[in-house]
Amino acid sequence: MEISGYTGLTGLIGSPVAHSISPKMHTMSFEALGIDCVYLAFDIGDRDLKTAVEGLREIGIKGFNVTMPYKVRILDLMDDLTPAARLCGACNTVILENGKMIGHTTDGMGFMRSVADYGYDIIGKKISILGAGGAAKSIIAQAALDGVTAIDIFRRRRSPVYAETLELAAKIQDYTGCMITVYDFADTEQMRESFAESAVLVNATSLGMAPREYTCPIADPTLLPADLFVYDIVYNPRDTRLAQMARERGCFTSNGLSMMLFQGAASFKCWTGREMPVDLIKEAVFSS
């Protein structure tokens, strides 16, 4: 692919970003579809966020992704928000329309499409989720918007943002009609009951993520029924202690790579109007 004066720009802002596989995923997709565009990663210091965002607008960027630690803070810099971004209070994708920046979130879309890609239908069913950070919020909002009927959230009651999680649950429930309940992470008996009733358990905490691979959000493997789909959004390492424990219990498991693929595909469609060649990207980027 040759870069010319006509080549468009998309990208990722956050810090750190050097480890991201998004540039490879998107640029390979542009090349495969013959779209004259590239995707670059920009490590943005905290005090430079507003300047960077306005600069991207001024140079005519086609759209960009947002990663930690800016998924929430960037909301104040947007001209408008999609319903999902407004509900979950986080943004990972920015769409440029007629010079206006629209904050969107595709993390939840990526999760829902990934689950469907595995052959699981969770619409009209209950799910359980561990944690309530940025990715979790997007998953909760999108699942509720798509028609999941109940969501049990587990978060440590002593967390300083526990009250915010209660407010988030109430807001999404009022908007969608999905029954959302927040429980203390220490309530293992409620976990047992919730997991038994759920079609999928999502680990949206950082427990198990490198460099703390030895950690696990679940201490007691008997909490996991054999027919439960255990989805750990951690992808480094690709095989977490939770996933190993779940497979020993007979559960089907997934790491976060599939969600990353499909959230990227959703962002790609926002910017180009075209479907990302996911089979090609899955083989070229995610299979190794």
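I counted a salt bridge wherever a side-chain nitrogen of Lys or Arg lies within 4 Å of a carboxyl oxygen of Asp or Glu. The model is a predicted one, and my search of the whole structure returned twelve salt bridges.

Entry one. I looked up D79 and found its side chain in a salt bridge with that of R57, at 2.9 Å from N to O. D79 sits in the loop between strand 3 (63-66) and strand 4 (80-81), while R57 belongs to helix 2 (residues 49-58), so this pair ties together parts that are 22 residues apart in sequence. For D79 I noted a relative accessible area of 42%, which makes the residue partly exposed.

Entry two. I then turned to R86, whose side chain meets that of D80 in a salt bridge of 3.1 Å, N to O. Both partners are partly exposed: R86 has a relative accessible area of 44%, and D80 has one of 40%.

I next checked D117, whose side chain forms a salt bridge with that of K282 at 3.3 Å, N to O. This pair links distant parts of the chain, since D117 is in helix 4 (residues 107-117) and K282 is in helix 10 (residues 278-285), 165 residues apart. I recorded D117 as partly exposed at 43% relative accessibility, and K282 likewise as partly exposed, at 32%.

Note on methods:
Residues are numbered from 1 along each chain as its sequence is written. This is a predicted model: local features need pLDDT of at least 70, side-chain atom pairs count only at pLDDT 80 or more; totals for chains, interfaces and linings use all residues. Side-chain values use heavy atoms; hydrogens and water are left out. Helices (H or I, at least four residues) and strands (E, at least two) are DSSP runs, numbered from the N terminus. Buried means under 20% relative accessible area, exposed over 50%, partly exposed in between (1.4 Å probe, protein chains only).
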